[in-house]
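Welcome! Please take a look at the sequence and the model below, and then let us walk through some parts of the structure together.

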Amino acid sequence: MSEPAKTPTPAGRAATKKELPDHFKGYKHVWVFVEQERGQVHPVSWELLGAGRQLANKLKVDLAAVVIGPEGEATRQAAAEAFCYGADLAYVVADDLLTDYRNESYTKALTDVVNTYKPEILLLGATTLGRDLAGSVATTLLTGLTADCTALDVDADGSLAATRPTFGGSLMCTIYTLNYRPQMATVRPRVMPMPERVEREAGRIIVHPLGLVEDDIVTKVLSFLPDRESAKSNLAYADVVVAGGLGLGSPENFQLVRQLASVLGAEYGCSRPLVQKGWVTSDRQIGQTGKTIRPRLYIAAGISGAIQHRVGVEGADLIVAINTDKNAPIFDFAHVGIITDAIRLLPALTEAFRARLSPHARDRIAS
């Protein structure tokens, strides 16, 4: 007599039994780290509060902002502003030792607040500062961190589902931190839409002490030298972007992209191969390993549209693609596709816009 066939054991996450250790079961609420430097809050913080609000609503928990910085009006204002972007409460660590970002002091501040108040989800911007801090905090807390996410959600059992590109951008994977808390993720600027700002009174603010003195911190700040080049490219927050790729054929032809951008009052960018060839500087690169953009109008000239580029531009309201190859992947997600030689079309577009637009009319393109 033959034995009944055994049911195959499912593989992957479906077969993983989620059983949080008892000491993690008290972790609740969604937190967003509000990044500020020299009194300026990075816009990615408000974008993450918008994303965090959606997660908190699904989980039926509070959304909290975490503000770390020096004593003074700037830190207080950052905490107050968080309520206008959806926060229910704010945790503030204010100390003059936090005037300049130092990994040791900021890691101590954030890990102390996490260990005291126990969030289940902690989100940070994937900026230079945020990436440095997130890795250090996750290591200190012995928890998982999903970096450079393109989507965030919660599944049926309440776990954070953090999606990011993998295998050189050719695949998207969703990562879970099942048995550890907090569940941490970083998100690049402009991946998430900017939420509407709603004027609100500041809500509950919990002040937490730093518990450090200067002698406890190994790194010393001798002086602050602002990067004069940092303001030259504003790709991430531009309303109109014109970009070029290898289809332009030569660095001389890339001038056609710059000329059209100038007439439109737009920013210009490029795909990764142009940076690798040295045609354009890296601060102008758009895509998975460059800038993520969400313009109202994006014109892509001679760009094939591989997945690495797509993840950096698919948040645009209107994508116009110009390419000689009718099978180019960019036509799969562009709103308007023009099959022609960009080297011929770009000068014609530039002249047409120059003839029709006054300097004051250019602002209307993004409206």
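Where is Thr 127 found? Thr 127 lies in the loop between strand S6 (121-125) and helix H4 (128-141). Helices (H or I, at least four residues) and strands (E, at least two) are DSSP runs, numbered from the N terminus. This is a predicted model, in which local features need pLDDT of at least 70 and side-chain atom pairs count only at pLDDT 80 or more, while totals for chains, interfaces and linings use all residues. Residues are numbered from 1 along each chain as its sequence is written, and side-chain values use heavy atoms, with hydrogens and water left out.

Thr 127 counts as buried because its relative accessibility is 9%. Buried means under 20% relative accessible area, exposed over 50%, and partly exposed in between (1.4 Å probe, protein chains only). Not counting residues up to four places away in sequence, Thr 127 touches Glu 35, His 42, Val 44 and Pro 189; a contact means heavy atoms within 4.5 Å.

Now for the chain as a whole. Its secondary structure comes to eight helices and 17 strands. Of its 367 residues, 47% count as buried. Among contacts with a separation of 6 or more, 69% come from residues 24 or more positions apart.

Next, a sheet. Five strands form an open sheet in the order S14-S13-S15-S16-S17, with parallel pairing. Strand S14 (267-270) and strand S17 (336-339) stand at the edges with a single partner strand each, so one side of each is left without a neighbour in the sheet. Two strands pair if DSSP finds at least two bridges between them. Strand S13 (residues 240-244) and strand S15 (residues 297-301) pair in the parallel sense over five bridges, and Val 241 stands opposite Tyr 298 in S15.

Angles run from 0 to 180 degrees between N-to-C directions, with axes being lines fitted to C-alpha atoms, for helices over the stretch in contact.

| Helix | Strands touched | Angle |
|---|---|---|
| H8 (residues 342-356) | S15, S16 (319-323) and S17 | about 130° with S16 |

Finally, consider helix H2 (residues 73-84). Its buried residues include Thr 75, Ala 78 and Phe 83. The buried residues of H2 pack against several elements, among them helix H1 (43-59) and strand S4 (63-69). Just after H2, Gly 86 takes a positive phi of about 110°.
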